[in-house]
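Student: Could we go through this protein together, one question at a time? I'd like to see how each answer is reached.

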Amino acid sequence: MVRGYLPVINTLAKGLHIRLGHSVTKIVRRNYGVKVMVEDGKTFAADAVVIAVPLGVLKAKRIEFEPRLPDWKEEAIAELGVGTENKIALHFGSVFWPNVEFLGVVAPTSYGCSYFLNLHKATGHPVLVYMPAGRLAHDIDKMSDEAAANFAFLQLKKILPDASEPIQHLVSHWGTDVNSLGSYSYDTVGKPHDLYERLRIPVDNMFFAGEATSASYPGTVHGAFSTGQMAAEECRMRVLERYGELDIFNSVMAKETHVPIQISRL
């Protein structure tokens, strides 16, 4: 994504009322609808809800459900794995590396193996992105940005001893970020593959979306997008069952009518 995901997000968000900085703490489910509570004490009422938070947030139980989720749903959340792959972007004054897509680090242990993504090839900017995964990513999560950038530069020096110092850096901490608590889902050894589908199945008027609910494309943006479309359609049909063919997004709707609400971590 040469320009990043922001253009995609802005396009999809057109015409929507999005509230940032509203960290959801509790969802109360009733036959007539749902109540969503956020950290500052505010409560939002809706007929239905789409839950698209990362699997790590669900596993950490950062959102309380009342009544609690059914056993089969909680098992799916517990048994799917969450992996971490961080990104450390190093911006240099000029390009000193070969015109390849990747620069790899080969080591005797999986902990030491990692690679750099060459953004200059795609964007024209002198940037390399270090991509640590597994236990290494978890350890980097605990470092300061400065320490993480220094570690990445030392890895680069193993490949290119004459590498010049970076002038800027940008570091992700997906494993410790409270809005993600991991980067992507994965199949755990000995567990059934249908856990993704179980995580996607609605619970009454709560609909689930996100990469961890995609049986075909877990761990991907297109997997998250496609399950979001499915959840939105299922949610729409649920509301139509209650209101018939009423245009629920019409601004002149009756005051007592609620609309669906989506919960995600941006």
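What follows is a chat about this model, which is predicted.

Student: Let's start with the overall picture. How many helices and strands does the protein chain have?
Tutor: Keep in mind that we're looking at a predicted model. The C-alpha atoms of the protein chain fill a box of roughly 70 × 45 × 35 Å along the principal axes, and 35% of the 266 residues count as buried. As for secondary structure, the chain comes to eight helices and 14 strands.

Student: How many disulfides turn up in the whole structure?
Tutor: A disulfide is a covalent bond between the sulfur atoms of two cysteines. There are cysteines to look at: cysteine 113 is partly exposed at 34% relative accessibility, while cysteine 235 is buried at 2%. Still, searching the whole structure for disulfides gives a count of zero.

Student: Which helix gives the most residues to the nonpolar patch on the surface?
Tutor: The patch is made of Met1, Tyr5, Leu6, Val8, Ile9, Leu12, Val221 and Phe225, with about 770 Å² of accessible area together. Two helices, H1 (6-13) and H8 (221-243), each supply at least two of its residues. With four residues, the top contributor is H1.

Student: Is isoleucine 9 buried, partly exposed or exposed?
Tutor: Isoleucine 9 is found in helix H1 and belongs to that nonpolar patch. Its relative accessible area is 43%. Buried means under 20% and exposed means over 50%, with the remaining class in between, so isoleucine 9 is partly exposed.

Student: Now the rings. Is the pair of phenylalanine 116 and tyrosine 130 stacked, edge-to-face or tilted?
Tutor: The count of aromatic pairs comes to six. In this one the ring centres are 4.9 Å apart and the planes meet at 35°. Stacked needs under 30 degrees and edge-to-face needs over 60, so the pair of phenylalanine 116 and tyrosine 130 is tilted.

Student: Which strands does that pair link?
Tutor: Both phenylalanine 116 and tyrosine 130 are buried. They sit 14 residues apart, and the pair links distant parts of the chain. Phenylalanine 116 is in strand S9 (residues 114-118) and tyrosine 130 is in strand S10 (residues 127-130), which gives S9 and S10.

Student: Which helices does the salt bridge between arginine 198 and glutamate 75 tie together?
Tutor: The closest N and O atoms of arginine 198 and glutamate 75 are 3.8 Å apart. Arginine 198 lies in residues 195-200 and glutamate 75 in residues 71-79, so parts 123 residues apart in sequence are joined. Those helices are H7 and H3.

Student: Is the peptide bond from glutamate 66 to proline 67 cis or trans?
Tutor: Proline 67 is found in the loop between S5 and H3. The omega of the bond from glutamate 66 to proline 67 is near -5°. That bond is cis.

Student: Last one: what is the phi of lysine 61?
Tutor: Lysine 61 lies in the loop between helix H2 (55-59) and S5, and at 63% relative accessibility it counts as exposed. Lysine 61 is not a glycine, yet its phi is positive, at about 55°.

Terms used:
Residues are numbered from 1 along each chain as its sequence is written. This is a predicted model: local features need pLDDT of at least 70, side-chain atom pairs count only at pLDDT 80 or more; totals for chains, interfaces and linings use all residues. Side-chain values use heavy atoms; hydrogens and water are left out. A disulfide is a pair of cysteine sulfur atoms within 2.5 Å. Buried means under 20% relative accessible area, exposed over 50%, partly exposed in between (1.4 Å probe, protein chains only). Patches are made of residues with over 30% relative accessible area and no salt bridge: like charges are joined within 9 Å, nonpolar side chains (Val, Leu, Ile, Met, Phe, Trp, Tyr) within 5 Å. Accessible areas come from the Shrake-Rupley method with a 1.4 Å probe; for residues, only the protein chains shown count as cover. A salt bridge is a side-chain nitrogen of Lys or Arg within 4 Å of a carboxyl oxygen of Asp or Glu. Rings of Phe, Tyr and Trp (its six-membered ring) pair if their centres lie within 6.5 Å; planes under 30 degrees apart count as stacked, over 60 as edge-to-face and the rest as tilted.
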